[in-house]
Amino acid sequence: MNNQQTTQGILSIAAVLCLVAGWFNLFSPEINVLLSRKVFYVLIGISFFLQAPMMTTKNFMYCMYAAAGLCIVGALFPLDWKISGIKTLGLLGGIILSFANRPNYRQ
């Protein structure tokens, strides 16, 4: 496991902790919204950026960069803007790409 994968793993865990904090209302409402609707997506986007160079094909790599960008840019928009929903589209795309990139091991 290299440093890039370790950093990606740490970012992913931090993102999940942000999501959990927002779900369980561990802080004030403003902080919960910030963590679960903004910081979570930014951390996941950064994680996708780190994962992109490790994709098996160039097409997957470019799509992962696009998913990362959608997560980060969508998180920066105000929550009441309809276009801020692109962050969820980026998250979904990144997850699908991550699973599609896994090697097929057959026994």
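Student: What percentage of the 107 residues of the chain count as buried?

Tutor: In this predicted model, 35% of the 107 residues count as buried. Buried means under 20% relative accessible area, exposed means over 50%, and partly exposed is in between, using a 1.4 Å probe and protein chains only. Residues are numbered from 1 along each chain as its sequence is written. Local features need pLDDT of at least 70 and side-chain atom pairs count only at pLDDT 80 or more, while totals for chains, interfaces and linings use all residues, and side-chain values use heavy atoms, leaving out hydrogens and water.

Student: How many helices and strands does the chain have?

Tutor: Helices (H or I, at least four residues) and strands (E, at least two) are DSSP runs, numbered from the N terminus. Here there are four helices and zero strands, in the order α-α-α-α along the sequence.

Student: Why does cysteine 18 count as buried?

Tutor: Cysteine 18 counts as buried because its relative accessibility is 10%. Cysteine 18 lies in helix α1. Contact means heavy atoms within 4.5 Å. Leaving aside neighbours within four places in sequence, cysteine 18 is in contact with Leu35, Ser36, Val39, Phe40 and Leu43.

Student: Which residues touch the most other members of the largest nonpolar core?

Tutor: A nonpolar core is a set of buried Ala, Val, Leu, Ile, Met, Phe, Trp, Tyr and Cys residues joined through side-chain atoms within 4.5 Å. The largest one has 21 residues, and Phe40, Ile44, Phe48, Met64 and Leu91 touch the most other members. Two or more residues come from each of α1 (3-23), α2 (29-51), α3 (58-76) and α4 (86-100). Beyond its neighbours within four places in sequence, isoleucine 44 is in contact with Ala15, Cys71 and Leu91.

Student: What volume does the largest pocket have, and which residues lie nearest its centre?

Tutor: Rolling a probe the size of a water molecule over the atoms shows where empty space is left. On a 1 Å grid over the protein atoms alone, a pocket is an open set of points where a 1.4 Å probe fits, with protein on both sides within 12 Å along at least five of seven lines; lining residues have an atom within 4 Å of a point. Grid points are joined across faces, edges and corners, and a volume is the space filled by probe spheres set on the points. The largest pocket has a volume of about 410 Å³. Of its 15 lining residues, Gln8, Phe48, Gln51, Ser98 and Arg102 lie nearest the centre. Helices α1, α2 and α4 each give two or more residues to this lining.
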